[in-house]
Amino acid sequence: MFEQNEIKAQDPALYECLQAEARRQEEGVELIASENFVSKAVMEALGSTLTNKYAEGLPGKRYYGGCQVVDVAEDLARERARQLYGCDWVNVQPHSGAQANAAVYLTFLKPGDTLLGLDLANGGHLTHGSPVNFSGILYHAEFYGVEQAGANAGRIDMDRVRERALALRPKLISIGASAYTRDFDYAAFRSIADEVGAHLWMDMAHTAGLIAAGLLNDPLPHCHVVTTTTHKTLRGPRGGMILIGKDYDNPLGQVAAKSGRTKLMSELLDAAVFPGIQGGPLMHCVAAKAVAFKEALEPSFKDYARQVIANAKAMAQAFLARGYELVSGGTDNHLMLIDLRNKDISGKKAERVLGEADITVNKNMVPFDDKSPMITSGIRIGTPAMTTRGLKEADFVELVRMIDDVIMHPDDADVIARVKGEIHEIAARFPLYA
Ligand SMILES: *Cc1c(COP(=O)(O)O)cnc(C)c1O
């Protein structure tokens, strides 16, 4: 646990809150697919003096004095990110994944332009055109989805994506998801994008760590631009990042007319982050990104990522063996989506009763769900966080047994109390910040 003596002395109410959250994380089992546990080193960078510094602009080109030290930190983050993904250009300043995506929209689209993305109800993300998000409010969002039945059930069918793209002629095609269990065929997406004259954008927020480890297909050779969060499988601080592979020096013609000269895609993305959508970057977060990227470059990170996938596959097998339905029938990555419609329980109730046993998951729509987003028919389960704590395949199979106990007896307080005890035992065997 971390010493927080200053907070304890001056703000007892908040101190109690921090202690309670540390306890909750230490004692429970975290299966939210988008969450992870950062190292103590990342945490130290987040609590550093860099939080005091304004640094609008980029290293060497700032709008404030006194940036000579934070320049070093940002250059370390940029260099390590380039090494991690073998890419040519990166911006590490977006405050979050959503901010990174906003910079992409500002660069590639004008309000009203058409975007084609994965439907939120089929595993997509809010920022890929949902009507309640700026992306769906400012732009004309159209969607592709997964197949409902047949051999490709739960998977994206590239022939359908092409049909949609040919019919809609979008300016931008997005790939990437928050609840999709299979890998993407980036080359097929690129050929569709080229055919209709669209830019291709991958949002690898969820899978960035697995891609860095070389365990999933690499989007960078195929996409014009790639965005990510840094806090999911990549296991860094909360934040975002934008990367470009071989297309980094592509000019973007439509903006050239306005600016009087042909600007590079990379220049436009930098300008979209600042001054386009953000003010000063969070330099303590940028420093923490540098720390996390160094960790991700270690051989041990590859072992971690491999274990994340092995654990997810073991869990998926165990759920199938217990009669659960998984969207797409299994997983290629770190998460699975359980369709609970044959178990007589909603996603909302499953999330609540599992929470009573200190197992944290989130309710999630399944494709072609007949329940509302507040109720849902599914839950999403991911292995990144508990893999960081050291759990292996057999431990995850045990967790499936416990989850099944709760879901099959959601109104039985004795069962929930027993499972909660088992959860505390397994958590105690794998200390978090001991
Ligand atoms: C999590 C996620 C985001 C948003 O990240 P925030 O940091 O929460 O803004 C964007 N896109 C996808 C696909 C995600 O899964």
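A polar contact is a pair of N or O atoms within 3.5 Å. In this predicted model, a polar side-chain atom of Lys 232 lies 2.8 Å from an oxygen atom of the ligand, so the pair falls within that cut-off of 3.5 Å. An N or O atom in the side chain of Ser 178 is likewise placed 2.8 Å from a ligand oxygen atom. Gly 97 contributes through its backbone, where a polar atom is 2.9 Å from an oxygen atom of the ligand. The protein covers 85% of the 390 Å² of accessible area that the ligand has on its own.

The surroundings of the ligand comprise 13 residues, the closest being Gly 97, Ala 98, Ser 178, Asp 203 and Lys 232. By class, this shell divides into 3 nonpolar, 8 polar and 2 charged residues. Helix H5, spanning residues 97–108, gives the most to the shell, with 3 residues.

Attention now turns to the sheet. Its 7 strands form an open arrangement in the order E4-E10-E9-E8-E7-E5-E6, with mixed pairing. Strand E4 (89–91) and strand E6 (140–144) are the edges, each pairing on one side only. On average, neighbouring strands are turned by 20° against each other, direction ignored.

Helix H7 (residues 158–168) lies across E5, E6 and strand E7 (172–175), at about 165° to E5. Helix H8 (residues 186–196) also packs on the sheet, where it touches E6, E7 and strand E8 (199–203). The direction of H8 makes about 170° with that of E7.

Key. Residues are numbered from 1 along each chain as its sequence is written. This is a predicted model: local features need pLDDT of at least 70, side-chain atom pairs count only at pLDDT 80 or more; totals for chains, interfaces and linings use all residues. Side-chain values use heavy atoms; hydrogens and water are left out. Two strands pair if DSSP finds at least two bridges between them. Helices (H or I, at least four residues) and strands (E, at least two) are DSSP runs, numbered from the N terminus. Axes are lines fitted to C-alpha atoms, for helices over the stretch in contact, and angles run from 0 to 180 degrees between N-to-C directions. Contact means heavy atoms within 4.5 Å. A residue is near a molecule or strand if one of its heavy atoms lies within 4 Å of it. A polar contact is a pair of N or O atoms within 3.5 Å; within protein, one must be able to donate a hydrogen and the other to accept it, and residues adjacent in sequence count only if both atoms are side-chain atoms. Accessible areas come from the Shrake-Rupley method with a 1.4 Å probe; for residues, only the protein chains shown count as cover. Ala, Val, Leu, Ile, Met, Phe, Trp, Tyr, Cys and Pro count as nonpolar, Asp, Glu, Lys and Arg as charged, and the others, Gly among them, as polar.
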